[in-house]
Every structure is written in structure tokens, then in C-alpha cells.
Amino acid sequence: MNRTIRKVAVLGSGIMGSRIACHFANIGCDVLLMDIAPSELSEEEKKKGLSPDHPAVRNRIVQSSFDSTLKSNPAPLYSKRFASRVRLGNFTDDMPRIKDSDWIIEVVVENLDIKKKVFTEVERYRTPGTLITSNTSGIPIHLMAEGRSEDFQRHFAGTHFFNPPRYLKLLEIIPTSKTDPEVTKFLMHYGDLFLGKTTVLCKDTPAFIGNRVGIYGLLKVIDSMRKYDLNVDEVDKLTGPVIGRPKSATFRTSDVVGLDTLVKVAGNLHAALVNDESRNMFKLPDVVTKLEQNKWLGDKTGQGFYKKTKNAKGQTEILTLDLKTLEYQPKTKVKFATLETTKTIDNLKDRFKVLLAGKDKAGDFYRDAFFGLFQYVTNRIPEISDELFRIDDAVSSGFGWDLGPFETWDAAGLEKSVPQMEALGYKPAQWVYDMLSAGNKSFYKSEEGKKKYYDIATRSYKPIPGRESFIILENKGDRVVWKNPGSKIIDLGEGVLNFSWHTKSYTLGSEVIEGMNKAIDLAEKHFRGLVIGHQGSDFSLGANLGLVFMYAIEQDYDEIDFMIRAFQQSVMRIRYSGVPVVVCPQGRTLGGGCEMTLHADVAQAAAETYIGLVEVGVGLIPGGGGTKELTKRVSDALEEGDVELNSLQNAFMNIATAKVATSAEEAREMGILKKVDRVSMNRDRQITDAKNTVLELADAGYTMPMPARNIKVLGRSGQALFLAGLQGMIMGRYISEHDAKVAKWVANIMCGGDLTSPQEVTEQYLLDLEREAFLSLTGEKKTLERIQAILTGGKPLRN
């Protein structure tokens, strides 16, 4: 049966329900969001003279929830326009409307009796064959299906999204014994391809996989913290980006999510896991219980493990809770010898070997926390999963870890660490010893460009199912055709090359420029096309500002001029090469990264792409073709007549305010992405999608475009209007004199310089104006001060 999801009904409009509705709206679904109808009028409704059956009264709860969600940050929608895709209703009046839905998702309060009452109503109106799922985070899925019709049970499963659904990639799929296998298969595929999720097949066990292991890992960190007498600041330093986890680390994450959530999940697990050998780990420490009693739950109550306050000078200050005295103290500076030794190690997997070998208290903490976690996950197979990769997928995508437990163990060294674990009392499960004795020394390995996992049942390595079409660049080491210290070129097969780079913050220095030009050279001579992109956290934070600053301080403007020319020429080669070039922006794509995207034949953007020309923020202008390209696009959009000032003004404001799109869809609205540009919902598919786009362009008979010679610009008349607006902003103290100076340079470029009348110019003409402006601004004191502040975190550079 071919199943298409066009209409979705979400039952329950709380924090999760409203956000799930928004994410389905993001992908183009027609969504019906419903909640209960209020039992009585509010005081405000009474004052307005509304009756209990007025639509505004009947939908008050769902309307209030949805309005609150639309105001939330981070935004749940890719574009504000998508809010119109969500229609509102209530259970009493609108339940019959679910008959038209292709998928019904229950997201009401975590109470089995209430859920069963909702499902009884659903059975009255649901069309047979319609998917019906629950977003429960802990109630056994099979209990919710009890007493339902055979058709209901065949099409019923758990679909557990993590909050916020737009941003966290995990979607746990939990079938029952009566769920049709085809339904399970469909949910796994749809979640991956259309919702952009890492779909993880789970067994119907307490808290499934993500929360079961993730909450254990968090509580184990607290346990190890107490063993080695560490404080909150130290633990958050040790458990953040240095080990591939979010900046919020352990305790800041708790404050953001809410301590009450941790207390609730841990309490439920402790009650349910009567046969878990580590059950006592889920019994909350006294200090956590005390915080809950004090209502120190984190951001929602104004204080938790951290507290924001004002010092004597009126400045905002973050205080840290001393868990021994329960008093807030100024944040302490954290320094460990183990951390110092990893500062030059960029590769996370290499870093783990050093961290777990540390000889100080930090090393002791790491060994205890990780060895406990390693032991725990080995004992969860086959209880929560038959395959170890599902545990890694769930924890990584649900909690934002770069490496899951088994991946981390591989990085630390599996065989070497087992005796160390035994010495600390963390003996792993027997299957690990069986695996090692058979000569298998890692949980994962790469063969023929594919990542394989160790399958415990067959004692062999198998490809990870569902990823047959994924291109993982890390696994393509045997296909590298060229590299330098900062970049490499990989043969993706079928006549397509990939160019990727791995510089710090993915900045665009000389090694990247050299590699990009080499990739285009090779593609034009021997291949059908080129994909530019990598699979790091961000596409690029732009140019190497440190190099610009150094040359500017030394007043070596010839070097700066050379840098700008080289980058302009490289970006123009992306546009004007003999083969199709597809660029893959994702994450933060700023400055030069945005300019590379602007010049692609087609951009294959990740849905979560945060892109913009931000150079004005440091007192510069986009000098790598960005200003030129937005000017050209305004001109291209006009079929005839003079340049439309409103369109040009919008493009100008995007540059002058350093505006960054918060999604690929918003980038399209800003004119950064073109109509022909494409979006990959699942970033793991992006390189594959880009390769397919290259082949499609090549098969269609790709022809290199010609450089534009007819870009319409306004000259002095356009500049005069921009300058008048800037003068008003200066007088109103909205911008500084220096901001205005930078903006004037932007206006100068976009209007074609000092031309007496509107006329047509070439791309190279505008590129020359860009370079002139960039060079001029690098000599400005204010610009250098801004660059210095970014490079040093606001501290002055030492001579």
C-alpha cells in the first residue's frame, strides 16, 4: 500500500503537541491541532459578553497554547507563514474532523486513563487504515492499545519526539506485538526522509532507549562528581564541548530543561526498573531532592544550579550553586592538566584517548563516569535493543552528543579499557568478552565506504540498516584523491567529486581556497560535477579574521588585496566552471560561506541552515562576491525597466544589518536561496542529495553560464536615497558614525558607484567596488577594534 501523509491531526496542544504540529507544518502538511474545550468562561470572556458556545471560548485553550508556541524561542516554524497550515479545534466539537486525517498523533497529559478516553473518541471517527500513534515518553505502548479494535492495534505505535521537535533529531518508534510491520517500516522511513529525524526502533520498555540511557548517564555524572569532590563549574567544563556535548553540558542543561523533568523521569524509572542492576542510580541524590523542594528548578523558577543576578555595578552576573552549602557563589575558573593537554587535539575521537588517560582528578572523573556508562549499555542488550547502534543513535540524537556510548568506547580503545573497567568495578557484559575473544576489537568498522556495526546475535559485522543510501565522508578514506592540511577531495563515485575542509570553525583560509580550486580543476578535467560541503557542525564561519587583522595591523594591504582577489576568483569559479557545482550549506553558514552558496549552480541546503552576510558586524563589507550577487539578483528579477528601489533596499538591509536566516526556508525568503535551490530535511542525506542533483544537472546537458554584463544599477540617484536614510538613523542614534560609514560603502557597491545615471554594469565591475571597500575599511580603527574583540573575546591583544 502506498501511503501519503497530507493531513495530520495532533491531539493535545501543550508544549510538545503544539511544537509537533508546527514541525509537520514545516514540511507542508495540513495540520489539525486540538485540545479540550473549557468548562467555564474566563473573567475576560465574561467582560466581553461571550457565550460558552462562542468559537473563541471553545478554542481558548488550544489558541492560547498555539499562540504561546509561536512566540517561543527558538522558533518552532521554519517560516512564520507556515502558521497558516495549522488549524485549531477542540475535542468536543471537532473530533469528527479527524476522519480526513492520514496520521493521528496523541499528545495529551501522561495519564493512561485519560489517553484511553481520548482513544475511545478517536475510534468513533477515525477512518480505518489511518495511522494512530502516541507521543508518550513513558507509558507502555501496549497498555494504550488494550481493548481497541484490530484495525486500530495494527496501525498503532509509539512515536516519541524529543523537545523541541524541530531541533532535536531523535524520533523513537515503538511498535507493539500487534503493530503491522509495514506500519513500523513506514514510520521509520517517513521520520527519516520527511521529518528529518534519526528514527530509532525501540522495544516497549520503560523510557524506551534515549531517556533510559541518557538519564542514567546524567545521574552517573553526578555520582562520579560526588566521588571525586568536583563542583558544578568543574563538571560543566568537563562534560561540554571538550567531550563532544552541548555547551550547556550537564547542569546548565538541567536548568534549561527544568529539574522537575529530571526528577519525574528518574522517579518513574526507579519505580519501574525493579530488575535493573543499576536501579539505585535512578534514586535521586538528596541535594537534587532539596532543590526540588526549594523550587529551584532552573530557568523556569529563576534559579537552579545557576542563578542570574546583578552585581554592585548593576552588571549581569551568573552565580553557581555550591552543592554542599546550597549557597550561590561567583563562578570559579576551571583548570585541569588533562584538559590542557587536549587543547591542540581537534579530532574528538583522538581527544578521548587522552581524556580517559588523564592522571589528575579530571582523568579519574572521566574514567569513573564513562566506565560506568559503558558497563550499563552492555547490560541493556538485548533488554532495550538487540543492536548496539540503536543505543548510540538514540542517545546522540536525543541529547546532542557527537558520539554515542559505544562510539565513545571505540574512540577510547575497547580492548585496552576493559581491564581498567574491571579494576574500578565496572565489568561489562559477557558478550563483550566473547566479541574480543573472537578477534573483534571494535564495535564499529568501515568497509567499502560503509559503516558497519558488530551484531551480537550473529557475531559478525553488518551494515547499519536504513543507511544504504547515506554518504558518510568519514568512511571514504580510501577514496581521497587529493588533500592538504586543511581540506581534501573525495571521489563519491559515478563521476562526482566532493570537496570538504576541516579548519577551525571551518574558516576559509589559503588551504581551503587551494583545495577548492584544485577540486574544480579535477572535476573539469576528469569528472561530471562537484559537491562542495562537509559533515561538520557548521558549514563555515567565514574568512580567517586573524589573518586579516594581522595584515591590517602591519598595514600590509597588498596581502589583503591578494586575499580578496583570490577568494573572489575562487567563488566566481564555482559559478563559472565547466561542470555543475552544488554547494551544501548547513548549520552556521556565514560571510564567505554564504558567498560560496550564493554562487552555486544549485544549493542543496540543510533545513537547519543559519545563513547570512555578516561582515558588517565586524566593520567590513561582504567582499567575496556577496554584495555583487545580491545586487545582481535584484536586477535579474526585473523583466524590464529601472531597478526597483524597494527590492534593492531589502537586499541592502539584509547586508547592512548582518541579518542571518534562521532556516533554509527563511533564506529563500531573503533571496539568499534561489527558487531552484533544494532543501534536505535530514542532514545525513545532504551529501547524497547533492550528488544526485549534480548527476541530474549533468544528465540534462549542463552548460556553463556566461558572466553577467547587464546588471542594472541606480548610480548617484540610488545612493542619495540610501544616504538620506542613513543620516536619519544617525540622528536618531540608531547606528553609530562607523556603522553608517560601512553602510555607505554597501550602498556605493549596490548602486554601482559614482555613476551619473542608472545604467548596466558587469559582475567584475561590482567585484572591483567590493574590493575597494573592503581594503578601505581594514584601515579603519573601529573595524580593527571590532575584529580584535571577536578574536580575543573582548580582551585586548598583547603586544
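Visitor: Which residues are linked in a network of salt bridges?
Guide: In this predicted model, the network links Arg212, Asp276, Glu277, Arg380 and Glu383.

Visitor: What makes aspartate 276 and arginine 212 a salt bridge?
Guide: Their closest N and O atoms sit 3.0 Å apart, and the cut-off is 4 Å, so the pair counts. Aspartate 276 is in the loop between helix H13 (259-272) and helix H14 (286-293), while arginine 212 is in helix H10 (residues 210-227), so the bridge ties together parts 64 residues apart in sequence. Both residues are buried.

Visitor: Why is aspartate 368 called buried, and why is lysine 227 called partly exposed?
Guide: Aspartate 368 has a relative accessible area of 2%, and buried means under 20%. Lysine 227 comes in at 46%; exposed would need over 50%, so partly exposed is the label.

Visitor: What about glutamate 45 and arginine 60, what makes them a salt bridge?
Guide: The closest N and O atoms are 2.9 Å apart, against a limit of 4 Å. Glutamate 45, in helix H2 (residues 43-48), is 15 residues from arginine 60 in helix H4.

Visitor: Why is glutamate 45 counted as buried?
Guide: Glutamate 45 has 7% relative accessibility, and the cut-off is under 20%.

Key:
Residues are numbered from 1 along each chain as its sequence is written. This is a predicted model: local features need pLDDT of at least 70, side-chain atom pairs count only at pLDDT 80 or more; totals for chains, interfaces and linings use all residues. Side-chain values use heavy atoms; hydrogens and water are left out. A salt bridge is a side-chain nitrogen of Lys or Arg within 4 Å of a carboxyl oxygen of Asp or Glu. Helices (H or I, at least four residues) and strands (E, at least two) are DSSP runs, numbered from the N terminus. Buried means under 20% relative accessible area, exposed over 50%, partly exposed in between (1.4 Å probe, protein chains only).
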